[in-house]
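Hi,

Here is the structure I said I'd pass on.

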There are 2 protein chains.
Amino acid sequence: MKGLHTLPKSGRPPGSPLGLHRVVEPAGVLPQAAWRLNPDPEIWPDEVLIDVERLNLDAASFRQLREATGADPGAMRSAVLAIVADRGKMQNPVTGSGGMLTGVVREAGQDSPLGLKPGDRIATLVSLSLTPMAITDGLAAWDGRSEQVPCAGHAILFGRSIAAVLPEDLPVPLSLAVMDVCGAPALTHRVVSSAQTAPAGPVVAVLGAAGKSGSLSAAAARRAGAGLVIGVVPTEHEAHLLRAAALADQVVIADATDPIIVSEAVREAGGPADVTVVCVDVPGCEGGAILSTARRGTVIFFSMATSFTAAALGAEGVAADVTMLVGNGYSEGHAELAFDLIRSEPGVRQIFERRTT
Amino acid sequence: MKGLHTLPKSGRPPGSPLGLHRVVEPAGVLPQAAWRLNPDPEIWPDEVLIDVERLNLDAASFRQLREATGADPGAMRSAVLAIVADRGKMQNPVTGSGGMLTGVVREAGQDSPLGLKPGDRIATLVSLSLTPMAITDGLAAWDGRSEQVPCAGHAILFGRSIAAVLPEDLPVPLSLAVMDVCGAPALTHRVVSSAQTAPAGPVVAVLGAAGKSGSLSAAAARRAGAGLVIGVVPTEHEAHLLRAAALADQVVIADATDPIIVSEAVREAGGPADVTVVCVDVPGCEGGAILSTARRGTVIFFSMATSFTAAALGAEGVAADVTMLVGNGYSEGHAELAFDLIRSEPGVRQIFERRTT
């Protein structure tokens, strides 16, 4: 232990809200890019100390660990323990990815802006790949077979981290699934609310409306004053789910990767859309989304399969004067809005329960 | 040659305004997403046939070709010829990007809505990545050292393509360079005009302000009412160019790929920015742009080197509630605004002349 983190607690300057003061090596990078973080449980004044209860390893990391250890439970435990001991965070060195955690607030620094208090049961909404952490129970309670890892230890949140108090009225797996996609309904709500259209309200098309981010986005669009919500799904099965959930005024079946088919389907259902929300996690949906959107309308890309150049050049290539947004996983109040939707819209809850069990 | 394009010319149905009838493989996708187009010079009734004079390769593609060939002129020529022969269009298979061309209208189909007539000297404002084209001179006149490629051959415009007649008062290479990036100042102007900030006007940071899209964007930001324009450049040499051009109120030297360095530099120069415009054609600028931007501000990504996931996860990772736009190469009136800026702002013209000669 050397450098900044040996300063007596009372004499500490405020931490960097990004956690730069926790980076041990290499110097000067952001915590996510760092090889090693300092997980010292003595917090800086703007930090929060969490008693960890459970890690949710991300799917890519879990798969890699399983393959590397031959799925041997003891070897899995050793691998995770070694990573956290070496790096001061649970960032799989092969995949670069992390996951998230749940736990209980032990201590909130006096300058923490996160609004948490001791005893709050929370989930982190920033990746484990940038969260300082130490494990104290040797992962004795983990069977090594699930990406959900019971775990005792502590973790640190920075001034600019994101965490949400877990609702007491919802099962934890449901809450985690909601938090995972809560950026989508938040941005959809913001864009639809500010769309300048006819008094009847904007036409909103949601590609992939029977999925988790899609169903929340459809519900958010309606709440934000959409005049017409068009849900686009790939199959009759998903159309049935979406109709049963009653989240869209029009349900159409079309392949979102076929620009001509999907844009004609949206048009026939009452489009073109003033706002098109892309929640389909397959590549090649950029053209269809752009062509489904009205002149001076907005496309919101939430799918991580989106190609930046396909979107930029695709719009130019068809002379489409549309605004295209990169779906930001974070906006203020995003988790609150998503939880409110899942509580108040039985259709959304229905879709989530089908997809998380 | 088989299929649709062997129909006798007189018997052809109108072409798809999007050029779907020119897609050879894979079937059903838009021309931009296609691997191969049909560059047959027999036009459909709504098309226009162009005698190509010059290609302007986009910066990302040119850089990739230079690196892949070790900047050998013969290898550069062979690489471009092979791409166009294979694909029926000049779309770099690595970067996915194209560029634009200038030429003279040879024939305008009777149903073309573009308003062009034989003899018009034009530039295409849709990407080469979706423009059917053939090269007939082996690129003999290209030295392989410039992204402007003298070239004989033909190209096709669709009903919904965009082209502009070249201004007679400006040299062709200059006009071409302006049109290539005219989406950037247009979108910058629109975003800065509508930014809701203090009466003094929004703070605008332009990363790569001494480049072509960057200098036009800086000028557009000022015209749209920016209160402070911060130009970020990588070297003292570029800083000198930008100061001489007088397009920025503050000129700072910082590596745009280092998020901490660039965001601190922008802050010290009067930031964070309400609007950050990314015109740096190297990967890894997402984090710096996001951290340079104020809460509820906007980042406009014009660089084709932008990674969608780096932008989306980068903003979430630092809890940045910013709006992120995919730079659309097209908006109404974009060429007119850019030409107006280059005529009225000597600093912009100065930068373009240095960079196109």
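**Cavities and the chain contact**

Searching the whole structure, which is a predicted model, turns up three cavities of 30 Å³ or more. The largest cavity holds about 70 Å³ of space.

Who lines it? From chain A the lining takes A:Asp321, A:Val322, A:Thr323 and A:Met324. From chain B come B:Leu187, B:Arg190, B:Leu325, B:Val326, B:Asn328, B:Tyr330 and B:Ser331. Strand E14 (323–326) of chain A, helix H4 (183–194) of chain B and strand E14 (323–326) of chain B each give at least two residues to that lining. By type, the lining has six nonpolar, three polar and two charged residues.

Now for the contact between the chains. Chain A brings 46 residues to it and chain B brings 48. Together the two chains bury about 4200 Å², with 61% of that on carbon and sulfur atoms. Of the area chain A buries against chain B, 17% comes from A:Phe308, A:Glu316 and A:Val326, more than from any other three residues.

There are polar links too. The rule finds four salt bridges across the interface of chains A and B. One pairs A:Arg295 with B:Glu332, where the closest N and O atoms sit 2.5 Å apart. Also across the interface are 15 residue pairs in polar contact.

Which elements supply chain A's side? Helices H7 (259–268), H8 (286–291) and H9 (308–317) plus strands E13 (293–301) and E14 of chain A each supply at least two residues. H9(A) gives the largest share, 10 residues. The side of chain A that touches chain B divides into 26 nonpolar, 12 polar and eight charged residues.

Cheers

How values were computed. Residues numbered from 1 in each chain as written. Chains lettered and ligands numbered in written order. Predicted model: local features only at pLDDT ≥ 70, side-chain atom pairs only at ≥ 80, totals over all residues. Heavy atoms only, no water. 1 Å grid on protein atoms, 1.4 Å probe; cavity = no way out; pocket = protein on both sides within 12 Å on 5 of 7 lines; lining within 4 Å. Points joined across faces, edges and corners; volume = space filled by probe spheres on them. Helix = DSSP H or I, 4+ residues; strand = E, 2+ residues; numbered from the N terminus. Nonpolar A, V, L, I, M, F, W, Y, C, P; charged D, E, K, R; others polar. Contact = heavy atoms within 4.5 Å. Buried area = accessible area lost by both parts, 1.4 Å probe. Salt bridge = Lys/Arg side-chain N within 4 Å of Asp/Glu carboxyl O. Polar contact = N/O pair within 3.5 Å; in protein donor to acceptor, adjacent residues only side chain to side chain.
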